[in-house]
Amino acid sequence: MAEYRVVGKGIPRKDGIEKVTGEAKYTFDVTLPGMLYAKILRSVQAHARIVNIDTSEAEKLPGVRAVITGKDTQGMKFGFVDTPRYPAEQPVIAEEKVRFIGESVAAVAAVDEDTANKALDLIEVEYEPIPATFDPEEAMKEGAPQIHGEQVPAPGRKCAWQDWGVARAARSYNPVNNIGAAVNISYGDSEKGFSEADYIRDDTWVIPRTNHACMEPHGAVASYHPLTGHLDLWLSHMGFELKRYWISKTLEIPISKLRVHKTFIGGAFGGKAQVFDHEIIAAFLSRKLGKPVKLILPRDEVFTSTNNSIALKVNVRKGVKKDGTIVAQHVKLISDMGAYRGSVPVCLFLCHSMRDSIYNIPNLTHEGVGVYTNKSTTMAKRGHGSQQMTTAIESQMDWIAEDLGLNPVEFRLKNLRKKGDVLANRDTLNSFGLPDCVKKAVEASNWKEKRGKLGPGHGIGLAVSSMFNGSGYWPFTAGSIVRMNHDGTVTLYMGQAEFGQGPTTTTCQLVAEELGLEVEDVNLIDGDSELCQFDYNNFLSGGMFVSCKACLVAAQDLRQQVLKVAAEMLEEDAEDLNMLERRVYIKEDPEEGVAFDEILRYSIQKHGGDPLIGKGFCKPVPEIEFYPSLSKGSGRWTDAYSFTAAVAEVSVDAETGRTKVEHIWVGDDCGREINPLICEGQLQSQAVMGMGDALFEDVMFSEGRTINANFVDYEIPRAFDIPEITIIDASDPDPNGPFGAKEIGECARAAVIGSIVNAVYDATKVKVDSLPLHPEKIFRGLQEKAKV
Amino acid sequence: MELAKKWIKVTVNGEPRELLIKPNITLLDLLRDYLGLTGAKMACISNSCGACTVILDGMAVKSCSVLAMQAEGSEVLTVEGLAEGDKLHPLQQAFINHAAFQCGFCTPGKLMSAKALLDENPQPTEEELKRDMEGNLCRCTGYKKYIEAIMDVAQHPVKYSAKEG
């Protein structure tokens with residue numbers, strides 16, 4: 001393996017000083033002169049017609065500057081998905097009716113938060129309740145309450161994908177039986193496959209909604225300048241592009257007049273990707289009043305009114321030969337979508353595509369529907385699709401192995417794809433560290449000595465997962481600039497958002513490596529839509545592979561320019577030169593060289609003022625123009641996959657059914673660790689988050705009302721819950737990754753959940769069919785077993 | 001009805017302050033809205049996440065759940081008062097060395113909880129530390145690295161007092 005100076009080193013994060021001193025300014029910390037404070041009135045009805053909204057008393061309250069309702073934002077629709085097939089259907093503020101408890105009904109801007117809250121209490125909303133439906137399988141039945149009528153695009157309105165260059169116009173969509181999204185993917189011949197199988201197994205899992213639980217609540221500060229028409233924004237986000245596109249689209253402000261400023265971002269995990277009603281409302285109020293407006297959501301509204309992860313019922317039927325060869329698989333999905341589509345159409349597709357790179361299954365059918373219910377909407381969360389499917393598929397793998405008397409490790413290894421495999425959609429596995437991940441995690445955990453041998457109440461389990469490295473999504477490119485400074489340092493302009501995952505450090509490492517510099521020699525400008533270039537950002541884990549790579553490409557461009565000028569100065573060929581410590585030297589005679597600052601001056605003097613600026617760009621999947629088909633799964637998805645194998649060891653208390661995770665081993669293929677400290681942090685993070693998913697996280701509803709919308713009733717792991725965690729690097733460098741690197745932020749969570757589920761089964765032999773593994777479920781299962 | 005404002009005397013990060021405030025505001029509001037000290041964060045307003053932790057007369061408190069008036073005559077230390085000039089507090093340095101933060105939103109609260117603990121118990125066991133920090137939620141780090149960072153300070157006070165790392 002090549003040795004690098006800066007890449008591969010656990011360099012302290014560049015955002016450290018701001019974060020440990022409290023200087024880091026998050027959206028919540030932004031205060032502007034004359035700023036007003038906004039609050040949103042949320043629906044208390046799950047499904048009701050709005051008969052009347054009386055805002056007169058609220059408007060009279062001293063200090064109130066504006067009260068708006070759906071009449072003010074009439075016709076403004078937004079959504080994560082807005083394709084020719086699936087038009088965006090969520091109103092900014094509810095219009096004729098409300099469809100979930102927590103939907104926005106009115107908003108107030110006032111001189112302070114207390115006044116805004118008082119004004120909310122003075123708004124009278126008259127509702128006429130309509131029968132509601134909360135269970136997707138009930139909602140699909142004939143005669144169930146219909147949550148949406150036909151979704152007809154407004155005349156002249158282009159859908160987002162038309163704006164982004166797709167030729168097809170938006171069509172109207174009629175959600176018959178509340179079905180708002182569907183997927184149907186197949187290859188090979190499933191029927192024939194199952195007929196050739198010696199053994200068929202059919203299992204169903206129910207995966208609940210969980211919350212992203214970012215420590216920073218969602219919020220926005222918007223400042224509209226009435227004379228210039230410019231809108232300045234401070235947002236808690238995962239990338240400025242999608243937010244500014246949607247705010248521009250809904251408010252019809254030219255995108256070039258809209259600027260998202262750099263903020264520190266307090267966690268995202270997928271839950272801050274899409275635009276939200278509160279962001280559009282803040283901008284709307286600011287424009288209406290010509291004043292800055294701040295709108296921060298209280299924690300309960302984060303739970304009830306932004307989005308949770310996607311709830312799915314997953315049915316998997318699998319056909320296997322006696323020797324353990326998988327011959328067919330048929331998956332059926334039903335998603336409890338909530339009142340609007342959120343990212344469910346994407347998730348239904350990802351449930352297939354996130355798993356397709358793992359096992360070689362010759363005959364496959366994957367179908368699913370997203371069903372409207374009167375609940376809050378659902379969205380991507382860290383490994384979207386993979387997380388839900390991995391629990392179902394990997395537990396079934398263990399049960400099949402048990403039924404056929406196969407070793408679960410060997411059974412998996414036998415069916416894994418191979419490096420170089422080309423998937424049905426033409427994605428190629430140019431790197432494939434998964435077999436190594438499995439072998440190393442199994443070895444490190446001493447699996448052979450433990451599996452089935454730990455005694456009652458103790459178990460060990462294995463699961464594997466994979467993850468995209470970016471996929472076609474707005475704006476389909478990442479751009480970057482690296483410029484030379486007077487003293488031979490450089491300034492890098494990076495578009496992607498830092499929300500904890502580390503690109504402010506890792507990107508600088510890539511640039512420093514390429515230019516022979518130290519990380520301190522790289523100044524960084526990031527996260528500002530006006531200063532930075534277009535950026536694809538971190539959607540579907542494209543951060544390292546797409547956005548960071550664009551920065552590396554810009555550094556490569558600058559390197560070539562610097563070498564060319566240096567070659568002229570030294571009267572040597574550029575190929576005979578190298579660079580280190582802010583100077584270019586002759587490889588054969590390292591004492592001979594010129595410093596970067598001299599090269600810059602020479603370039604300016606002799607080359608018409610050229611100040612040496614490197615340009616770079618990168619596309620998620622260079623071969624395709626836009627994106628794959630969500631409903632058919634055709635077209636290229638991603639250019640590389642990351643992989644994880646996780647092993648978990650647990651103990652289960654028979655008296656209470658409570659599971660304690662003792663140790664998690666994470667074997668991960670991230671191509672190359674650019675910064676091992678940050679990589680470890682990402683994997684530890686996912687190990688602990690996955691433990692929460694497996695054991696206790698569940699957003700619970702009663703008649704459409706979220707009943708645990710706070711951190712007391714909705715538990716996330718705490719410091720004393722954490723198990724031993726061992727991180728194992730099993731990377732296979734990808735030829736298209738920057739220095740071989742791939743994503744490391746999302747893949748592992750799914751494998752960790754699956755490994756805990758399998759370990760609990762190994763410990764108890766209790767088959768559970770829903771997450772989380774609440775003690776009650778295990779306890780009842782153990783009691784049932786005792787009866788038998 | 002508007003409550004009559006009241007004067008409060010409080011020492012914040014070593015500086016005596018005298019302020020006219022609404023009597024119903026929290027200590028967190030006082031710090032953020034009156035003094036512009038935005039290091040302490042509001043993430044739950046239900047005393048359950050620890051992002052707003054500051055030190056009040058030597059004790060770590062969740063400032064979202066303490067009325068400002070309760071701090072009358074007291075000394076408050078916030079994350080902004082941890083470093084001395086160009087010298088980071090050992091805990092701050094250790095957090096950087098160990099990459100003990102990711103998004104950083106809950107970091108000020110953790111630092112203040114950890115300082116209060118180490119002031120009282122300079123050599124905690126890892127178990128004691130984890131128990132003590134249970135009130136500080138974190139979604140990014142998985143807790144591992146900041147527990148290591150705090151233990152590093154507890155076990156190597158000399159290394160950190162010499163400002164190395």
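**Ground rules.** Residues are numbered from 1 along each chain as its sequence is written, and chains are lettered from A in the order in which they are written. Because the model is predicted, local features need pLDDT of at least 70 and side-chain atom pairs count only at pLDDT 80 or more, while totals for chains, interfaces and linings use all residues.

**Chain A.** I looked up the secondary structure and found 20 helices and 30 strands; helices (H or I, at least four residues) and strands (E, at least two) are DSSP runs numbered from the N terminus. Along the principal axes, the C-alpha atoms fill a box of roughly 85 × 75 × 50 Å. Of the 788 residues in chain A, 61% are buried, meaning that 20 or more other C-beta atoms, placed from the backbone, lie within 10 Å of the residue's own. I also noted that 81% of the contacts in chain A between residues at least 6 apart in sequence join residues at least 24 apart; a contact needs C-beta atoms, placed from the backbone, within 7 Å.

**Chain B.** I found six helices and five strands, in the order β-β-α-β-β-β-α-α-α-α-α. The C-alpha trace spans about 50 × 30 × 25 Å along its principal axes, and 55% of the residues of chain B count as buried.

**Domains of chain B.** An automatic or database domain assignment gives the bounds: domain 1 is 6–80 and domain 2 is 90–158. I read 21 Å between their centres, taken over C-alpha atoms. Their contact takes 15 residues from domain 1 and 13 residues from domain 2. On the domain 1 side, strand 3 (53–56) and strand 4 (59–62) of chain B each supply at least two residues; strand 3 gives the largest share, three residues.

**Where A meets B.** I found 42 residues of chain A in contact with 43 residues of chain B. Helix 1 (16–21) and helix 18 (676–695) are the elements that give two or more residues to the chain A side, and helix 18 gives the most, with seven residues. That side divides into 24 nonpolar, eleven polar and seven charged residues. Here Ala, Val, Leu, Ile, Met, Phe, Trp, Tyr, Cys and Pro count as nonpolar, Asp, Glu, Lys and Arg as charged, and the others, Gly among them, as polar.

Key
A residue is buried if 20 or more other C-beta atoms lie within 10 Å of its own, exposed if 12 or fewer, and partly exposed in between; C-beta atoms are placed from the backbone. Two residues are in contact if their C-beta atoms, placed from the backbone, lie within 7 Å.
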